[in-house]
Amino acid sequence: MYIINYIKTVFSTVRSMLVGMRRTGYYFTHHKEIITEQYPDNRDTLKMADRFKGEVVMPHDEKNEHRCTGCTACELACPNGTIKVITKFDITPEGKKKKAIDKLVYHLELCTMCNLCIVACPSDAIKMAQTFEHSVFDRNELTKVLNNPGSKIMDGVE
Amino acid sequence: MYRTTEIISDGTKNPPLEGGEAGDFIINVGPQHPATHGVLHLVITLNGETIKKVEPHLGYIHRSIEKMCESLTYRQFIYVTSRMDYLSSHINNHACAMCVEKGMQIEVPARARVIRILMDELTRIASHELWLGAMAMDLGAFTPFFHTFREREMINEIMEDTCGARLTMNYMVPGGVMQDIHPDFQRKVKDFVKQFQRKIGEMDEIVTGNTIFQNRMKGVGIITREDAISFGCTGPVSRGSGVSSDTRKLFPYEGYENIEFDEVIETGCDSFARYMIRIREMQQSIRIIEQLIDNIPEGDFQAKTKAVLKLPKGDFFQRVETARGQFGVYIVSEGGTTPYRIKFRSPGFSNLSILDHIARGSKIGDLVAMMGTLDLVIPDIDR
């Protein structure tokens, strides 16, 4: 009796393995089922999702103007101290003092892409960019100033 | 590997470890070992091939998340919790957001609640898919890993579209969800459901039906009903032993009481029962998704909340069912903008504690099967 059971087990094991191997063989011969993307080779055509959180950027228009008022809401919302807002006072044509940003320093090396600064911003001055290849040789390059040199606040943004 | 009685170079005898005897072998598995997921360090005392004792050493990835949370505001601390159990990060975030809402008595809009459940169930499927591939890989079958990751990739793409990230989403905020769902969300989820149902049978062919796989799983790592309760096991580990422990059924939250699904319970008590639990749980998650995906109510995705959240003085607790078991958040508030103390009850820690109990007396080759079915995520244990 033992020997019959033993032989039965051997056959059922071989059969169960062949069932699995038939499935792997199916994928071996059906190339249309392959979904692998050849990443570094498909860089030109690779499109990230619209909402992909790659890094924080500040969009500027063609007149080199941004929407940041320097309210430091993003700095307060950030859990890691990634953003530092350095403000200055501009003199308006009417001779009044007006608060504006001197630099918006962004530490990419500290950022966890949690999106809290974007949500906190009342004037939609910053947004997430879809870049993702952030490796550099020197980590100082990861500390970025988001506003362009010589940029101004857009008219009508308070 | 060394003998406890081995004479080391300076001539002194290495004393036997506590509880060990002369002649025992001590093996260190981990912290960097391919068969342990992450940095789990197991000190195994062996007598020949038989395990006498398994001692988990923790703390290799301890980041003091609970202490960190004390200096973060109630909006900020949620993102840290996705770094604990990174495979069910949505569900961790969900627990924290709900705990804050409980304290602030924020009414979450119906749309946000449905989106949250959909995301939770997608995360649960993604987590089980990864576990299934990794489990089969532990036992020597490499192919299923690619098959499960094909489906998991679809979920990751859905998450990327809607939340903007693939693993640590930070999508749940107190009051709802951070952004509305992507216009393609419903279509992509339906595609995924179709694909999943077409391909789940493949796993039966490749893994479940395989006799070698069954022989390595059946009768291995027996957790009796009493042990599962006394060690505080939750999730698939306890449900494999016949203990009803699904938080979604026992303490319904966020509208789970209105959804039709079965609590999956197996009475096999062994590794194979825990394996089957997870396979069947994925199908239940699909059932939940199918019920909700066409019935997402219109409306706001986030309730109006104050800019600065302040919890009233007191303590608040909320539990949810993650892919691994019951996850609890306990917030003690002094009335300020940051919590006074936060305690996380993570399922992995309790599930790991039973490993020594079930491994004693079994062969070392079975340890991988036991550890695999406990589904340990190490950052969840160490925090």
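Biologist: Where in chain A does A:Leu142 lie?

Modeller: This is a predicted model, and in it A:Leu142 belongs to the loop that links strand 5 (127-129) to strand 6 (143-145) of chain A.

Biologist: Is A:Leu142 to be read as exposed, partly exposed or buried, and why?

Modeller: The general idea is to count neighbours: a residue is buried if 20 or more other C-beta atoms lie within 10 Å of its own, and exposed if 12 or fewer do. A:Leu142 counts as partly exposed because it has 16 C-beta neighbours inside 10 Å.

Biologist: Which residues is A:Leu142 in contact with, leaving aside its neighbours within four places in sequence?

Modeller: There are contacts with A:His107, A:Leu108 and A:Glu109, and also with A:Val136. A:Ser12, by comparison, stands 130 residues away in sequence, and its C-alpha is 59 Å from that of A:Leu142.

Biologist: How is chain A divided by the domain assignment?

Modeller: The assignment gives domain 1 as residues 2-33 and domain 2 as residues 55-153. The centres of these two domains, taken over C-alpha atoms, are separated by 60 Å.

Biologist: How many helices and strands does chain A have, and in what order do the elements run?

Modeller: Chain A has three helices and seven strands. Read from the N terminus, their order is α-β-β-α-β-β-α-β-β-β.

Biologist: What does the radius of gyration say about chain A?

Modeller: The value is read against that of a compact globule with a given number of residues. For 158 residues such a globule would have a radius near 15 Å, but chain A has 28 Å. The C-alpha trace of chain A spans about 105 × 35 × 30 Å along its principal axes. Of the 158 residues in chain A, 18% are buried.

Biologist: What radius of gyration does chain B have, and why does it agree with a compact globule?

Modeller: Chain B has 22 Å, which agrees because a compact globule of 383 residues would have a radius near 21 Å. Its C-alpha atoms fill a box of roughly 75 × 50 × 35 Å along the principal axes. Within chain B, 45% of the 383 residues count as buried. The secondary structure of chain B consists of 15 helices and nine strands.

Biologist: What confidence does the predictor give to chain B and to the complex?

Modeller: Chain B has a mean pLDDT of 84, and 93% of its residues reach 70 or more. Over residues 1-16 of chain B, however, pLDDT stays under 50, and for this stretch the model has 21 contacts beyond four places in sequence. For the complex, the predictor gives an ipTM of 0.83 and a pTM of 0.87.

Definitions and conventions: Residues are numbered from 1 along each chain as its sequence is written. Chains are lettered from A and ligands numbered from 1 in the order in which they are written. This is a predicted model: local features need pLDDT of at least 70, side-chain atom pairs count only at pLDDT 80 or more; totals for chains, interfaces and linings use all residues. Helices (H or I, at least four residues) and strands (E, at least two) are DSSP runs, numbered from the N terminus. Two residues are in contact if their C-beta atoms, placed from the backbone, lie within 7 Å. The radius of gyration is taken over C-alpha atoms; the globule rule is 2.2 Å times the number of residues to the power 0.38. Domain bounds come from an automatic or database domain assignment. pLDDT is the predictor's confidence in each residue, from 0 to 100.
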